[in-house]
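Dear colleague,

I am handing over a structure to you with this email, and I would ask you to keep it open while you read on.

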Amino acid sequence: MKIKLSRNLLLTLAVDLLILTVSYYMAHLIRYDFNIPDWAGQRFFETSAYVLISKLICLYSFDVYRGMWRYTSLKDIIDIVKASGLATISIIVIVLFATRFEHFSRSVFVIDWCFTVIGLTTVRIFTRLCFEEFSGDVGLAAIRFALKKIFSRKSGQIGRGMVIIGAGDCGQRICREFKENPNVKSHVIGFLDDDQNKIGRKIHGVPVLNSIDNLENTIKSKYVDEVIIAIPNANAGRMRQIVTLCRQAGVEFKTVPDMGELIDGKISLNAIRNVEYRDLLGRQPVSLDQERIGDYLGHKIVLVTGAGGSIGIGLCRQICRYKPEQLILFERAESPLFEIDLELKKNFPDIDVVPILGDIQNSGEVVRIFSQYRPEIVFHAAAYKHVPMLEVHPWKAVENNIVGTCNLIEAARTFQCERFVFVSTDKAVNPTNVMGASKRFAERLIQRENNGTDRGTCFITVRFGNVIGSVGSVVPLFKKQIKEGGPVTVTHPEMIRYFMLIPEACQLILQAGAMGKGGEIYILEMGKPISIDTMARDLIRFSGFEPDVDIRIKYTGLRIGEKLYEELVTAQENVVPTAHKKIMVVNSASFSGIYLDRDLIHLQEAAAARDHRAIRKLLKQSIPEYQPFDYPSIYKNKKFV
């Protein structure tokens with residue numbers, strides 16, 4: 001191990017030498033009641049060089065000089081204690097064997113060790129205090145401020161005053177980040193917490209002022225500029241109460257993400273963001289079998305189709321946590337592919353990320369990619385998903401959602417992939433639209449692959465509802481309409497949907513992929529369905545307006561292919577719990593897939609002919625639960641045909 005000599009290191013050594021010398025001399029003064037005999041003074045001068053060199057060697061061995069004083073931590077202090085203790089023991093042992101402690105006082109070395117530890121740690125902690133407020137070198141101004149901070153009760157009142165709601169592990173980490181970051185001009189005034197045992201105590205020198213319900217009084221009495229909500233696991237009801245309290249108090253407020261949203265699981269100042277509607281859903285963090293997921297993803301070649309979509313991006317971020325050998329991003333849209341490729345290469349430089357601009361509808365291209373990269377694990381998230389658009393263009397649903405899936409299945413089977421995880425949707429259950437029927441057809445293609453005795457590749461389906469914040473979902477649309485002053489368009493006052501968070505959905509997809517043996521349809525626990533009308537009204541209030549007063553709600557009627565509510569299972573399917581509380585498996589009746597190939601050929605022919613009636617008829621023939629509606633009027637405009 002080498003340490004590069006620099007001005008700062010030489011200054012550090014000079015200060016430490018001064019401290020060590022003073023400590024050794026003070027030990028003699030105290031031992032001899034500030035009247036050192038001549039023989040003891042002579043011993044002091046004879047042994048000083050050896051004592052100082054021994055201590056510096058031990059400090060060097062414990063990496064004390066590799067750290068920076070401005071970032072002194074508990075570990076650095078422990079290293080100083082260990083190094084000083086080792087130096088003292090070695091000095092005592094050598095003196096014992098050399099002189100049998102003749103004309104030496106044993107207590108001098110013990111006192112010297114105490115002064116050494118106190119002196120070295122004090123100067124480092126003092127320096128850190130200075131750098132917490134100043135980004136430059138420590139100077140006279142920094143020292144003056146540090147003294148003021150230590151001795152003044154009104155110290156630290158610089159910049160915006162902040163209160164952290166939640167004096168738990170998350171809150172204390174945020175507080176420490178604010179105190180240690182020299183570029184942050186805000187300061188933490190205190191904490192609020194519902195735990196009465198914490199009120200009056202201090203965390204990193206910052207007091208826990210009061211309970212959360214007393215937020216408004218605290219803001220008025222302490223001149224608070226901003227509130228940080230640091231309770232990642234708060235349920236929906238409590239989160240709504242806290243947001244309401246912040247709004248009533250007229251203070252800015254932000255929050256920290258759920259742990260599932262964080263790639264590395266670490267909370268930092270960069271993670272703090274504005275409170276969003278997803279925070280009010282109260283979705284609880286997902287518990288994952290990390291070892292099991294790591295076993296099937298770690299050091300493997302993984303391919304994700306639709307890698308630029310909402311679910312695809314989320315899957316890629318989560319997969320990288322398990323260190324695959326190679327991650328192949330398969331996407332037809334150039335810009336999203338470019339962006340996720342840049343992000344992953346920046347955040348995970350040790351992982352070989354390969355972006356491929358391609359289309360699953362092109363069977364030759366799919367075969368070439370599988371032949372070249374030989375993926376072991378496939379996550380198929382590519383799909384056309386917008387219901388009204390696919391009602392107008394049903395042939396695109398066939399070409400992409402059905403034929404594209406078939407191309408991937410054949411390639412996975414041919415090149416003997418280990419696992420193939422298909423991302424499905426609740427719209428595949430009792431579908432009333434082409435999009436749902438196409439996904440149900442694809443589910444059957446997946447199921448058929450594990451019906452036989454040849455189980456070389458494990459094919460698994462994961463089915464769930466809507467995700468908050470995905471491209472084209474209702475929440476971004478409502479927020480845009482609110483920003484424009486309304487009206488906010490709701491299709492029907494009784495419409496309900498299941499919702500979950502993108503990170504949560506992606507984590508559970510990975511977990512289901514680890515659990516599957518082949519042929520299963522897993523259903524993710526979606527919680528209670530949410531009224532779209534209630535969601536619109538909540539978002540309007542969340543934006544500081546009153547529904548039907550400031551922002552009007554307009555009911556537009558169901559769009560083509562839409563249902564009032566979605567389902568997660570059909571009447572023929574039974575849900576069975578699994579070992580994971582948020583994942584269920586469908587125990588469906590077996591079906592014969594002998595007609596799927598015939599239906600697939602006919603669907604391809606109808607899609608090539610752009611025959612929307614034939615497509616719906618064939619889907620109905622293959623998927624009996626499909627209840628199509630005929631919309632001849634939408635095909636009168638020739639630009640759609």
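This is a predicted model: local features need pLDDT of at least 70, side-chain atom pairs count only at pLDDT 80 or more; totals for chains, interfaces and linings use all residues.

Residues are numbered from 1 along each chain as its sequence is written, and side-chain values use heavy atoms, with hydrogens and water left out.

A search of the whole structure gives 19 salt bridges, each being a side-chain nitrogen of Lys or Arg within 4 Å of a carboxyl oxygen of Asp or Glu. One of them joins E418 to K300, at 3.0 Å from N to O. This pair links distant parts of the chain, 118 residues apart, with E418 in the loop between α14 (394-414) and β12 (419-425) and K300 in the loop between α9 (290-297) and β8 (301-305); helices (H or I, at least four residues) and strands (E, at least two) are DSSP runs, numbered from the N terminus. E418 is partly exposed at 34% relative accessible area, whereas K300 is buried at 15% (buried means under 20%, exposed over 50%, partly exposed in between, with a 1.4 Å probe and protein chains only).

Within helix α18 (residues 532-542), R537 and D533 lie four residues apart, about one turn of the helix, and their side chains form a salt bridge of 3.2 Å, N to O. R537 is partly exposed at 21%, while D533 is buried at 11%. Elsewhere, salt bridges that share partners connect R440, E443, R463 and E625 in one network.

With kind regards
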